[in-house]
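I am keeping these notes while I look through one model. Each entry records what I looked up and what I found.

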Amino acid sequence: MAPAVVFAIPVLKLAWTLGGGDAARDALSAMGPTNWVDVVIGMFLAEPVLATVLVAVISHVTYAISAARGGAARHRGRALVETAARAAIVPGALGVVVGAFNGAWWGLAAGALGYLLRLGVITEYRTGARSADTGHRTGRPAVTFGTRAAEAVRIASLLLALLVLPLLSVTAALDGRAWTSVLRCDVNTGSGPERARLVELARQAPGVVGWDVPAHEVVSGTNCATDPDDVIRAPWWRT
């Protein structure tokens with residue numbers, strides 16, 4: 001699901017916010033490939049809950065894949081404390097990123113949730129619920145506290161990846177808010193300069209390239225000032 005969030009959801013965000021069709025194509029052409037990641041980053045920065053869940057899912061999926069492809073077998077001879085400490089590196093780093101843009105508490109929540117999901121993977125292998133040689137589940141019943149906890153974490157990770165993350169992603173894509181700065185700029189389309197409301201697409205001296213919200217076209221703007229209102233259109237559920 002994470003690749004879909006990174007690639008498909010920004011397309012949906014762009015199409016819904018600007019109107020889709022020719023509008024989305026024109027905006028994407030004006031942005032260029034180098035600025036495509038701005039949509040992803042903008043959604044990430046504006047939605048702390050989405051960022052937290054995405055970080056947790058990435059932390060879990062990368063660790064689970066690594067364990068299934070031989071990582072668990074290589075760690076079999078290591079002490080549990082060392083394995084647990086190594087598992088905290090990536091969630092901790094991603095938590096710092098989330099915290100830097102969304103606040104310390106969101107960063108702590110993202111790192112802790114990602115680490116908890118990784119501990120569930122460790123517990124699965126340590127209790128024999130999953131084979132370190134094949135990465136497959138062994139079919140052993142969850143009768144001890146450890147196996148039950150690992151099973152609960154596994155179910156929670158599936159719900160986050162297959163239900164919560166898609167729901168949050170689509171909601172963020174269809175909320176009608178800009179993923180980047182909204183500006184008030186001077187725009188001249190041949191009839192003299194006029195003040196217009198733009199969604200910034202790219203920086204270009206001496207101003208910006210943006211989407212003219214009232215005129216529904218890509219324009220160049222100068223003498224820009226930030227507009228605190230980032231709502232471009234009504235969210236999907238209100239239309």
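**Entry 1: the hairpin**

I began with strands E1 and E2, which form a hairpin with 4 residues between them. In its turn, Gly-190 has a positive phi of about 120°. Helices (H or I, at least four residues) and strands (E, at least two) are DSSP runs, numbered from the N terminus.

Before going on I noted the ground rules. This is a predicted model, in which local features need pLDDT of at least 70 and side-chain atom pairs count only at pLDDT 80 or more, while totals for chains, interfaces and linings use all residues. Residues are numbered from 1 along each chain as its sequence is written, and side-chain values use heavy atoms, with hydrogens and water left out.

**Entry 2: the strands**

I looked up the pairing next; two strands pair if DSSP finds at least two bridges between them. E1 (residues 182–188) and E2 (residues 193–204) pair in the antiparallel sense over 7 bridges. Arg-184 stands opposite Arg-197 in E2. E2 also pairs with E3 (residues 207–212), antiparallel over 6 bridges, and the partner of Leu-198 in E3 is Asp-212. E1 and E4 (residues 217–226) run antiparallel and are joined by 4 bridges. There, Val-187 has Gly-221 of E4 as its bridge partner.

What do the 4 strands form together? They make a closed barrel, running E1-E2-E3-E4 with antiparallel pairing. The twist averages 65° from one strand to the next. Helix H2 (residues 22–31) packs on the sheet and touches E2, E3 and E4. Its direction makes about 60° with that of E2.

**Entry 3: two helices**

I then turned to H4 (residues 48–74) and H6 (residues 89–102), which pack at an angle of about 170° with their axes 10 Å apart. Axes are lines fitted to C-alpha atoms, for helices over the stretch in contact, and angles run from 0 to 180 degrees between N-to-C directions. H4 is therefore roughly antiparallel to H6; the cut-offs are under 35 degrees for roughly parallel, over 145 for roughly antiparallel, 65 to 115 for roughly perpendicular, and oblique for the rest.

Contact means heavy atoms within 4.5 Å. On the H4 side I found Pro-48, Ala-51, Thr-52, Val-55, Ile-58 and Ser-59. On the H6 side are Val-90, Pro-91, Leu-94, Val-98 and Asn-102. By class, the contact has 8 nonpolar, 3 polar and no charged residues. Ala, Val, Leu, Ile, Met, Phe, Trp, Tyr, Cys and Pro count as nonpolar, Asp, Glu, Lys and Arg as charged, and the others, Gly among them, as polar.

**Entry 4: pockets**

On a 1 Å grid over the protein atoms alone, a cavity is a set of points where a 1.4 Å probe fits but cannot get out, and a pocket is an open set with protein on both sides within 12 Å along at least five of seven lines; lining residues have an atom within 4 Å of a point. Grid points are joined across faces, edges and corners, and a volume is the space filled by probe spheres set on the points.

The largest pocket holds about 300 Å³ of space. Of its 16 lining residues, the closest to the centre are Tyr-63, Gly-71, Ala-72, His-75 and Thr-83. H4 gives the most to this lining, with 6 residues.

The second largest pocket has a volume of about 230 Å³. Ile-58, listed above in the contact of H4 with H6, is among the residues closest to the centre of this pocket. Its lining divides into 12 nonpolar, no polar and no charged residues.
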